[in-house]
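Some labels attached to a model rest on cut-offs.

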Amino acid sequence: MDIRFVTSGGGDAVAVMGGEGGQLFAAGQGLDSAANGRITRALKAARFTGAAGQAVDVFAPEGVDYERVVVIGVGKPDAADGMAVERWAGAAVKRMLTGGAEKIALMPDTLPGVAAAEVAAHAAMGARLAAYRFDTYRTKMKPEQAPTLKAVDIVMEGPAAARARAEKDAAVVDGVFFARDLVSEPANVLFPASFAERLRDLETLGVEVEILEPAQMEKLGMGALLGVAQGSARPARLVTMSWKGARSKTGRPLALVGKGVTFDTGGISIKPAASMDEMKGDMGGAAAVSGTMKAIAQRKAKANVVGVVALVENMPGANAQRPGDIVTTMSGQTIEVLNTDAEGRLILADAVWYAQDKFNPSAVIDLATLTGAVIIALGNEHAGLYSNDDELAQAIGAAAQAEGEPVWRMPLGAAYDKLIDTPNADMKNIAGKPVAGSIVGAQFVKRFIKEGTPWAHLDIAGTAWKSGPYEDPLSPVWATGYGVRLLNRLIANKYEE
Ligand code: BES
Ligand code: MN
Ligand code: ZN
């Protein structure tokens with residue numbers, strides 16, 4: 001989709017803002033007076049309140065050059081921020097994506113405390129994110145289901161500053177779309193080897209990509225990762241993506257580690273049939289890491305960042321690991337596998353250790369669709385954040401807030417850690433009682449973080465995809481790409497020179 005920042009635009013349709021109280025902002029008032037008050041009359045007739053996301057269409061108003069004027073609410077005007085503008089623009093684009101219009105104009109108004117260039121950049125971001133579709137496998141789409149929208153004009157004063165930002169923002173959107181594509185692909189298409197091949201393509205952007213196969217992982221002693229993979233006919237891969245954008249290429253990198261279970265049946269501790277298809281998205285952590293690498297390489301971030309993704313398929317099979325099996329990790333610690341469905345932590349154990357051992361990172365952040373328990377705790381609104389470092393946790397919280405990918409910090413502690421002790425090995429992979437499930441998962445990963453390494457774990461089981469009837473103006477019905485914007489912002493704020 002083509003986005004332009006212009007001082008006066010045109011198109012088949014236009015979107016303007018409405019605020020709580022039901023009134024139009026300045027841009028809409030201009031159109032309304034040209035149309036002799038027809039727009040405000042339409043708003044009244046539709047009982048428009050200006051609530052965020054509420055929309056009213058006015059078709060072919062006389063005196064206006066557009067065939068369609070769409071008024072969309074942004075909520076309380078003085079509480080509206082950059083993210084409100086994004087959702088407004090996203091709602092506009094979603095409403096008009098397949099409606100026949102080829103070109104539309106967005107007329108965002110400046111908001112208290114948000115500069116004009118900022119407003120325009122957010123509008124562009126919202127427009128881009130909302131236009132995402134995953135139509136790869138739809139061969140029989142009816143014409144009215146197919147998108148018609150090709151171009152968006154963002155109408156504003158002084159567009160130069162917005163243009164300067166747009167290229168970097170487009171790189172981030174590309175990263176988000178890469179993550180969404182990966183989460184959307186079915187598991188017969190996206191499995192460890194094919195996932196790794198897609199990451200190979202990042203080399204064209206200057207990312208160094210290294211792909212480990214099972215024999216090499218065996219040599220490194222990754223018994224926990226390989227234990228999960230052994231039930232599948234599709235062999236594991238461990239992929240590292242290095243972006244060296246700092247002046248000193250040897251400076252300690254930030255390490256991002258992702259859970260990449262391309263399908264999670266649960267293994268021998270098999271899951272129930274209902275909604276099991278959703279487990280094709282159990283690589284959302286790996287997708288977020290991959291999307292971030294793509295974004296930062298494309299915008300040439302001045303930081304050293306390494307992404308490590310552990311790619312396996314968790315299947316029951318003749319060679320699958322059994323409940324009770326004891327595996328030895330690369331760290332030397334042993335794990336009693338009491339539930340083969342708690343597999344994410346097993347592959348992370350080896351992946352975070354490898355990342356620390358090989359790259360001596362300044363900090364480690366892992367992302368994983370790790371537990372159903374985090375969805376019980378936080379729903380689909382926040383990812384769970386667990387960290388041994390307050391400063392890192394705060395920086396993640398700020399980045400999350402700014403990018404509309406919220407996190408909620410959860411506690412860690414010795415009493416939780418104790419729950420995974422077992423007489424049979426160094427630890428077991430489940431607590432064995434239904435308490436604090438997402439924290440227990442985090443405590444498990446923490447046992448593989450070296451003393452003194454700042455670390456954060458994001459449990460994104462509730463945010464990587466949406467399975468309910470949620471209407472999110474910035475996301476498609478399924479994969480959100482959660483994590484890419486957050487990590488990109490964190491890198492920009494905290495790790496770039
Ligand atoms: N991939 C699942 C977690 C999950 C559940 C993600 C629902 C997204 C939606 C994970 O591997 C898993 O199965 N976790 C178990 C852990 C339990 C056995 C301790 C769970 O949450 O039930
Ligand atoms: Mn599982
Ligand atoms: Zn899983």
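Q: What makes a residue a donor of the zinc ion (ligand 3), and which protein residues are donors?
A: Donors are N, O and S atoms within 2.8 Å of the metal (3.2 Å for Na, K and Ca), and water is not among the atoms, so sites may look incomplete. Lys259 (NZ), Asp264 (OD), Asp282 (OD) and Glu343 (OE) lie 2.0 to 2.4 Å from the zinc ion (ligand 3), and so count as its protein donors. Along the chain they follow the spacing K-x4-D-x17-D-x60-E.
This is a predicted model, in which local features need pLDDT of at least 70 and side-chain atom pairs pLDDT 80 or more, while totals for chains, interfaces and linings use all residues. Residues are numbered from 1 along each chain as its sequence is written, chains are lettered from A and ligands numbered from 1 in the order in which they are written, and side-chain values use heavy atoms, without hydrogens and water.

Q: Why is the site of the zinc ion (ligand 3) called octahedral?
A: Six donors count as octahedral if opposite donors are over 155 degrees apart and all others between 65 and 115. The site has six donor atoms with angles of 78 to 174° among them, and is classed as octahedral.

Q: Which residue bridges the zinc ion (ligand 3) and the manganese ion (ligand 2)?
A: Aspartate 264 bridges the two ions, which lie 3.2 Å apart.

Q: Why are aspartate 282 and glutamate 343 called buried?
A: Buried means under 20% relative accessible area, exposed over 50%, partly exposed in between (1.4 Å probe, protein chains only). Aspartate 282 has 2% relative accessibility and glutamate 343 has 1%, so both count as buried.

Q: How do you know that glutamate 343 has a polar contact with ligand 1?
A: A polar contact is a pair of N or O atoms within 3.5 Å; within protein, one must be able to donate a hydrogen and the other to accept it, and residues adjacent in sequence count only if both atoms are side-chain atoms. A polar side-chain atom of glutamate 343 lies 2.8 Å from an oxygen atom of ligand 1, so the pair meets the cut-off. Lysine 259 has a side-chain N or O atom 3.2 Å from an oxygen atom of ligand 1.

Q: Why is asparagine 36 called exposed?
A: At 70% relative accessibility, asparagine 36 counts as exposed. Asparagine 36 has a positive phi of about 60° although it is not a glycine. Most residues other than glycine have a negative phi.

Definitions and conventions: Four donors count as tetrahedral if all angles lie between 85 and 135 degrees; four count as square planar and six as octahedral if opposite donors are over 155 degrees apart and all others between 65 and 115; anything else is irregular.
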